[in-house]
Amino acid sequence: MEAVVRLIRRVLTGTVLVVAAATVGGVPSGASAAAESAVRVDVDARAGLAKVGDVALGVNHAIWDSQLGTPAVADLLGDAGVRMVRYPGGSYADIYHWKDHTAPGGYVAPDTDFDTFMAGARRTGAQPMIIANYGTGTAQEAADWVRYANVTKGYGAKYWTIGNENYGNGHYGSAWEADDHADKSPKEYAAHVVAYAQAMKAVDPTIKIGAVLTMPGNWPDGIVGAGDEGTWNQEVLTRAGAAIDFVDVHWYPGGSTPAEALTKTAHIQDAAYLLRQQIRSYAGDAADRIKISMTETNVDVGRNTQPGALFLADVYSGLLEQGVFTVHWWNVHNGLGTVSEVAGHTDYGDYGLLSSGNCNADNTVCQPPMNTPFAPYYALSLMGSFARTGDQFIGTGTDDASVSAHAVRRANGDLAVLLINKDPSASRSITVNYNGFTPASGAPAVSSVGNGDDAISTGASGSATGQTLAPYEIKLVTLHPAAPNAAGPKAPAQPAATVTDRTATISWPSAGAGLKYEVYRQNGGISEQLGETTATSLTVRNLEPGRRYTVNVLARDAAGRQSPSSLPVTFTTGTPASSSCTVKFRDTNDWGNGYVGSIDITNNAAAPVNGWTLTYTWPTAWQTVSSGWSATWEQTARTVRVTSDGSLAAGATATVGFVGAYSGPNVLPTAFTLNGTVCTSV
């Protein structure tokens, strides 16, 4: 039966069940490590990021999993700090009918119905994330489910998404998601999202409705389908934004080796930025209240071994600090995939956190006994100790790309720092520098999990400023402040920003009488103070056009006591309102990892420009010009120069084109100079 289940899963769950075919080598546990390298890590309590909510850590359950809701599994998830569980399981959601607990064309395990799921969720101490059937269901069926859950049973199920990966219904070519609608466009999906939301909220107006979007930088982001007016995200947000409370995205960033997969977390900040830009641009007045959930993520290699654990700790932290309100691993159990050796240990190619205990067809390879935790489970358990409800993530920086650092500030004044060594063969000697925080002396509490470990180690070791990370180790360091946490001002509310090309006016509500406010710009774990004032606004000058800034506000009272950091505001400066040149940059035809681009350059001066060079900088390191025309194109690092020896008459426009490529979120440039003059961008 298990083989049948695996076959059905591969057919119906699409990208979730793609398995790595290559054997990936690594350094065996206990092998000689390379020389230890010194790394500087900066932790800045003044650089506040998002706060941890009550459903931050999540996982996926599935109705084909015979262990769904069992006490053993519920307790393992609860022990790991899981606070949200998703049901009924990825693409199965679009064939699942809750009333009779059937999924035509798929396998449903015994004792996995909704009430069993809810019993397990309650034992775990987790809230549900329920997927209403869009592909083969109706708005009435979804509304009836809300009535049963929250009126009949009193479960108080708050979060409901409409469908799963519905852009995979064939509209863009690839088809893995069930969809019985004749029209498979985002316009049709958006119309049904509105209808579902109205029907479901008529039963319980307190629920939150989520719509399926695609993660920026991942297919089909950027693609405009036949007959559509915009991309999937644009169409759904424009047409259904007023009806939803959150958007739901998935992220399988790929990577053919563990080393490549572990670099992908560098995409998170830009992807979250672009997604929020899309929400603000297309969702209208609803934009400010629409939140983001990430309900599926995993890796292609090292799923059950330490690379999967490193990725989980890094991606959960990275997404939560950017304000994603819940992050879910795919999934609890999944079954044996392609077996390989990764970092000296057997990897079963299994997307599950826990072993399914099954074997391959000829019984030559078997997983550990049922419910044995894989390496990512221990990383999730560390996350449960690290990111607790009410904590605030704060800024960090590191001078070594092989080391990731994340930190939170607790309400009692403690700091917790999560350190991740992505190098499989060399240790790292970490020196931690603190800004806005003075740690107590003595050895701090440390929890860690290393390559091949089957438990989390705990104890006091190292110092607040010095730790050693073994190859592929994750370490959580918890620190007390040197002085008791004396009551000081409360954190100011999140500021707002009004920008020009070179200025930003930062404003915030008063946090109380007699306070001085300090405004900081985040800068890799060492914030730059932009100014201070007793007023509730500050104008910052001499900024760079077209540049992104993240700013926090802190309050200080007459006794010198400093408040915790505000939540951040992120903004991008504009370009001059008037200039001797105007530039229009367009992505005219996108295919998901590249596009045809067009740039219109207009000479606004009274005299012609004889010979010109247009210069701009890509916002990320993964954007390039593949080829260009109508001028000479040159890229050095991230800087692009477009040169012509032709003449651009007064009032004339020259158009140049190029083929661009990207392997992550495609943040388009907004600032351009023509012969050294900053142009107006339109």
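Me: How many salt bridges does the count come to?
Reply: This is a predicted model, in which local features need pLDDT of at least 70, side-chain atom pairs count only at pLDDT 80 or more, and totals for chains, interfaces and linings use all residues. Residues are numbered from 1 along each chain as its sequence is written, and side-chain values use heavy atoms, with hydrogens and water left out. A salt bridge is a side-chain nitrogen of Lys or Arg within 4 Å of a carboxyl oxygen of Asp or Glu. By this rule the count is 21.

Me: Which residue forms a salt bridge with Asp144?
Reply: Asp144 lies in helix 4 (residues 139–152), and its partner lies in the loop between strand 3 (84–87) and helix 3 (114–124), so the pair ties together parts that are 45 residues apart in sequence. Helices (H or I, at least four residues) and strands (E, at least two) are DSSP runs, numbered from the N terminus. The closest N and O atoms are 2.8 Å apart, and the partner is Lys99.

Me: Is Asp144 buried or exposed?
Reply: Buried means under 20% relative accessible area, exposed over 50%, and partly exposed in between (1.4 Å probe, protein chains only). Lys99, at 56%, is exposed. Asp144 has a relative accessible area of 17%, so this residue is buried.

Me: Which strands do Glu532 and Lys516 lie in?
Reply: Glu532 and Lys516 form a salt bridge, with 3.4 Å between the closest N and O atoms. Glu532 is partly exposed at 41% relative accessibility, and Lys516 is partly exposed at 34%. The two residues are 16 apart and link distant parts of the chain: Glu532 is in strand 23 (residues 528–533) and Lys516 in strand 22 (residues 516–521).

Me: Which residues do salt bridges that share partners join into one network?
Reply: Side chains of opposite charge can pair when their charged atoms come close. Here the shared partners give one network of Lys99, Asp144 and Arg147.

Me: Which strands stand at the edges of the open sheet?
Reply: Five strands form this sheet in the order 30-33-28-27-36, with mixed pairing; two strands pair if DSSP finds at least two bridges between them. Each edge strand has a single partner strand, so one side of each is left without a neighbour in the sheet: these are strand 30 (623–629) and strand 36 (680–681).
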